[in-house]
Amino acid sequence: MNVNRILILSFSCLLFFVVIFSNTPPTPVRAADDIEIVLPGQRIKESAVAVADFNKDGKKEIVAGGGDGMLYVINGATYTLLWSNQIANYFNGASSTYFYSSITIGDLNKDSRLEIIAAVGGTPNLHLVGGVVVLTYVGGSAQFVLASGWPRRAFDELGAGGGSYPDGVSDGFESTPAVGDLDGDGDLEIVISGSDRRLHAWHHNGRRVAGWPIDRSRGLFRGGMSSPALADIDRDGLPEVLVGTYSYPVPACPNPYFFLALNGNGSLVRGFPTQTSEVIRSSPAIGDINGDGRLDIVVGTGDWNESCGGTPDGKKIYAWDHRGRLLPGWPTVTKGNMASSPALGDLDGDGDLEVVVGCGLSYQLNNPSCTELYAWHGDGRSVTGFPMSPLSVNPGSRPAYNAQPFPPVLADYDGDGIIEIMTIGAGAGGISIVEPNGQMSSDVRHATSRILYSSPLVDDIDGDNLLETVIGGANATNNAAIYIWQETGTIYSRRPWPMFHHDVARTGLYSAPPPVPQLGFPTEVRFLHQEGTSGPESLTITLRNLGIDQFNWQVTSSSPDLQINPGSGAVSTAATLQLVLNTAPYPATHSWQFIGNLTVSGTAFGQHVVSSPRTVPVWLYHGQLQHYYLPLVRK
């Protein structure tokens, strides 16, 4: 199967996308190193791509699912098609299906070979086969093979009679599977919420986990679209399953709704379920947002479902602690449906986590009631500059401001040392970039040929230590397409929430940033010179790498009287510098004299490392130096 790799050149064949805004920013232009990979099937819609290095060549393959059930794997070294197949082929008697769920990747049985976990079917009203397929990477001519014990079909509960009765086809999945070791046996289990009114959990070999599925017999009347998160909220050494539902306590009155926290055996975690005033379509984000050292749970609700005769009371973001108790300042109230999934990250550099999420639904294309992107501190206060309405990148004449229904991504993609927010408006043909102060970025490069329906991913795909942004969509003729933008950020740039549900295992769990190179250097330098003596003074200074790997360093002086030897080099752990100061120009003042500043910088892959650059003042005391000794008395 052939794939076209289209490089957009920077001269006579520039491809422009006209964007009509009420406040029009510069027209997006595809740069010379941006790539559009066109695939033969139908467009990629709600399914977010995933990346992983399957063949261990240092490059990450891109995995994407199309609207026609085609699964694609793109070679990360060449950006050509490595493998593809119709997922319906793995289900006897099926000819087509649909990817609504995002792609999940993990080494399920810990044999050092990665698996792709693909949940398919979409809404039951499509009448397309629904189930979960696991494919193992084997390389060679086969590349991927069906793992033993798979696929697993969903149950048939919906699809006929207005959608509420069985239609003879296993119901589809609209949530995304998460993988983690639920039972502590060393391999990974797969957990997903189904449209078949169940929560499912399977071992790596397709066997059901004891205590699952969760169904009517356990009080679950509806599953839903919320993708489960996995996190050890009770500190028992095993992850719990955290998921929103469309389920409710009394069948005759479908409101309020349940948010569940389940142990690996399917039992409820103490303090759960909690209740919300509307359905939970949003997928939870897990992290310590209030700084108490314990994990918290953040998720959204909306007002598009039943209200039991009362006034719908959705349009909220909830935050609970590990015992299901609302955190102070939560829930926060918004202007619209909160179907999107929150992202967590330290936007303002104060050391704690902020919550970022947009409002609205994907079909709200014209005059949406809510176009805001929200950001809150852990106590529910709005981050300065938020909420704000991002300017959308639009093909044609869509409104300048759109609903923000797709989960945002948080990453310093350009290596400027601050976290940017990547968001996509409903009906938008590109990615909007918002700075952490709520201002729009001037970067409008991330335009696509057609509108987008999922979240991007930020990672180093091709192994050059620089980041790329990747998203699935469609080309101008509505074929499936993968868009790749080369960024200036490096593998050391902070990416607190680089994709939908944080990682390719789709755990929804914030994790502390990995160690990176970090410059260590004294905050000031002070010379002492005895009055009445002549000659220079020298000091030995140690420059350190307080992080990992190595970086290039350079030290320069604003004063011609201060010499540095050596003035540059590379450091893995520590480097020694000799500073020599010519004291002749400085008379004895018996006080500290300012000599000038050192500029100390460390770079890796062309970008400053943490704590770089820094300015270090240099001082000289020229006067009478005295030593004082205290007597030592010993019994």
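Buried means under 20% relative accessible area, exposed means over 50%, and partly exposed lies in between (1.4 Å probe, protein chains only). By that scale, lysine 60 is partly exposed at 25% relative accessibility. This is a predicted model: local features need pLDDT of at least 70, side-chain atom pairs count only at pLDDT 80 or more, and totals for chains, interfaces and linings use all residues. Residues are numbered from 1 along each chain as its sequence is written, and side-chain values use heavy atoms, with hydrogens and water left out.

**Overall make-up**

- The protein chain has 43 strands and 0 helices. Both are DSSP runs numbered from the N terminus: helices (H or I) need at least four residues, strands (E) at least two.
- Of its 635 residues, 57% count as buried.
- Contact means heavy atoms within 4.5 Å. Among contacts between residues at least 6 apart in sequence, 58% join residues at least 24 apart.
- The chain exposes about 24,400 Å², and carbon and sulfur atoms supply 51% of that area. Accessible areas come from the Shrake-Rupley method with a 1.4 Å probe; for residues, only the protein chains shown count as cover.

**Salt bridges**

- A salt bridge is a side-chain nitrogen of Lys or Arg within 4 Å of a carboxyl oxygen of Asp or Glu. The count under this rule is 12.
- Aspartate 459 and lysine 60 pair through their side chains, at 3.8 Å from N to O. Aspartate 459 sits in strand E31 (residues 457-459) and lysine 60 in the loop between strand E3 (50-52) and strand E4 (61-65), so the bridge ties together parts 399 residues apart in sequence. Aspartate 459 is buried, at 12% relative accessible area.
- Arginine 216 bridges to glutamate 157, with the closest N and O atoms 3.1 Å apart. This pair links distant parts of the chain, 59 residues apart. Arginine 216 lies in the loop between strand E16 (198-202) and strand E17 (229-231), and glutamate 157 in the loop between strand E11 (152-153) and strand E12 (159-160). Arginine 216 is partly exposed at 41%, whereas glutamate 157 is buried at 12%.
- Arginine 445 meets glutamate 487 in a salt bridge of 2.4 Å, N to O. Arginine 445 is in the loop between strand E30 (432-434) and E31, and glutamate 487 is in strand E33 (residues 479-490), 42 residues apart. Glutamate 487 is buried, with a relative accessible area of 2%.
- Salt bridges with shared partners join Asp34, Asp443, Arg445 and Glu487 into one network.

**Disulfide**

- A disulfide is a pair of cysteine sulfur atoms within 2.5 Å. The count by this rule is 1.
- Cysteine 359 and cysteine 370 form a disulfide, with sulfur atoms 1.8 Å apart. The link is left-handed, at -100 degrees about the S-S bond.
- Both cysteine 359 and cysteine 370 fall in the loop between strand E26 (354-358) and strand E27 (373-376), 11 residues apart.
- Cysteine 359 is buried at 0% relative accessible area. Cysteine 370 is also buried, at 1%.

**Aspartate 346**

- Aspartate 346 lies in the loop between strand E25 (343-345) and E26.
- Aspartate 346 is buried yet has no salt bridge. The nearest side chain of opposite charge is arginine 494, 4.8 Å away. For charge, Lys and Arg count as positive and Asp and Glu as negative; His and the chain ends are not counted.
- Backbone nitrogens approach polar atoms of the aspartate 346 side chain: that of glycine 349 at 2.9 Å, and that of glycine 351 at 2.8 Å.
- Leaving aside neighbours within four places in sequence, aspartate 346 is in contact with Gly351, Asp352, Leu353, Glu354, Ile419 and Arg494.

**Glutamine 530**

- Glutamine 530 belongs to strand E35 (residues 525-530). Glutamine 530 is partly exposed, at 21% relative accessibility.
- The C-alpha atoms of glutamine 530 and histidine 622 are separated by 6.1 Å, though the residues are 92 apart along the chain.
- Beyond neighbours within four places in sequence, glutamine 530 is in contact with Glu537, His622, Gly623, Gln624 and Leu625.

How values were computed. Polar contact = N/O pair within 3.5 Å; in protein donor to acceptor, adjacent residues only side chain to side chain.
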